[in-house]
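Take a look at the strands and the packing in this predicted model.

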Amino acid sequence: PYFATNKILIEQLVYGCCYCLALDKNGRVYSWGKNHLGQCGNGNTDRIKEPTVITALEDYIIVEIRVSKHVSYAVSDKGDHFLWGDNRFGQCTLIGGTNKKRQKLPYLINKVFYQLTRQNIDKVSIRSHITYILCEND
């Protein structure tokens with residue numbers, strides 16, 4: 001009822017383990033549900049009872065969202081790739097050995113990926129404990 005009541009048209013709806021993301025027709029991302037690993041992207045780990053805009057993404061026009069069990073992903077119309085949520089294996093920050101177990105805000109991965117590989121990101125696929133990234137063809 002939240003989206004209908006507020007006259008928000010949803011383009012995409014995805015769900016992980018006890019949480020959801022929704023993408024509206026204007027490129028805004030909403031999250032709600034269990035948030036114990038920061039997978040809702042609002043900067044904390046509190047449960048979110050109703051859809052709430054992810055404010056860290058408000059300066060971007062998001063065109064696609066995805067989730068795995070506890071990891072969330074978004075990509076903008078300009079090719080900005082973001083990951084957040086469970087980071088126990090560095091799957092959100094792409095840096096292994098990190099002590100940051102939860103990435104509670106969307107993390108822009110383009111720059112760190114380029115520094116690690118000297119390649120630009122083409123596509124991203126997420127699973128529970130791993131992130132797959134395909135590079136652009138030169």
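Q: In what order do the strands of the open sheet of 4 strands run?
A: Strands here are DSSP E runs of at least two residues, numbered from the N terminus. Two of them pair if DSSP finds at least two bridges between them. The pairing in this open sheet is antiparallel, and the order is β5-β6-β7-β8.

Q: Which are the edge strands?
A: An edge strand pairs on one side only. That holds for β5 and β8 (102–108).

Q: What is the bridge partner of Ile65 in β6?
A: β6 covers residues 71–76 and pairs with β5 in the antiparallel sense over 5 bridges. In β6, Ile65 has as its bridge partner Ala74.

Q: Which residues does Leu57 touch, not counting residues up to four places away in sequence?
A: Contact means heavy atoms within 4.5 Å. Residues are numbered from 1 along each chain as its sequence is written. The model is predicted: local features need pLDDT of at least 70, side-chain atom pairs count only at pLDDT 80 or more, and totals for chains, interfaces and linings use all residues, while side-chain values use heavy atoms, without hydrogens and water. Leu57 touches Val29, Ile62, Ala74, Phe82, Trp84 and Pro106.
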